[in-house]
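Me: Could you walk me through this model? I'd like the overall picture and then the charged pairs.

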Amino acid sequence: MKTIDAKGKLCPQPLIMTKKALLVMEESETLQILVDNESAKFNVSRFLSDNKMEVQVNEENGVYEIL
């Protein structure tokens, strides 16, 4: 699993970090993105869904984990 820690970063930074990570990942790998604001959660999740990727979002103590 590859992890991107984008906590404290505002959009579009988490989305840019996600796109860069996807370019170098294997198809079978899982990407974990950690964000701490609603806007980043929404934008990253929507980007992944729009690109036909399975998305799972969990929230704990104000931190969103997007898989």
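This is a predicted model: local features need pLDDT of at least 70, side-chain atom pairs count only at pLDDT 80 or more; totals for chains, interfaces and linings use all residues.

Me: ok, what order do the elements of the protein come in, from the N terminus on?
Reply: The order is β-α-β-α-β-β, made up of two helices and four strands, where helices (H or I, at least four residues) and strands (E, at least two) are DSSP runs numbered from the N terminus.

Me: and what radius of gyration does the protein have?
Reply: The radius of gyration is 11 Å, which agrees with the value near 11 Å for a compact globule of 67 residues; the radius is taken over C-alpha atoms, and the globule rule is 2.2 Å times the number of residues to the power 0.38. Along the principal axes, the C-alpha atoms fill a box of roughly 30 × 20 × 20 Å.

Me: how many of the residues count as buried?
Reply: Of the 67 residues, 31% count as buried, meaning under 20% relative accessible area, with exposed being over 50% and partly exposed in between (1.4 Å probe, protein chains only).

Me: switching to charges, how many salt bridges does the structure hold?
Reply: There are two salt bridges, each defined as a side-chain nitrogen of Lys or Arg within 4 Å of a carboxyl oxygen of Asp or Glu. One pairs K7 with D5, with the closest N and O atoms 3.0 Å apart, and the other joins the side chains of E38 and K41 at 3.6 Å, N to O.

Me: where do E38 and K41 sit relative to each other?
Reply: Both belong to helix α2 (residues 38-50), and because they are three residues apart there, about one helical turn separates them.

Me: how accessible are K7 and D5?
Reply: K7 is partly exposed, with a relative accessible area of 35%, and D5 likewise counts as partly exposed, at 42%.

Me: last one, what does T30 touch?
Reply: Leaving aside residues up to four places away in sequence, T30 touches M1, K2, M25 and L67, a contact being heavy atoms within 4.5 Å. T30 lies in the loop between α1 (13-24) and β2 (31-35), and its C-alpha atom is 6.8 Å from that of L67, although the two residues are 37 apart along the chain.

Notes
Residues are numbered from 1 along each chain as its sequence is written. Side-chain values use heavy atoms; hydrogens and water are left out.
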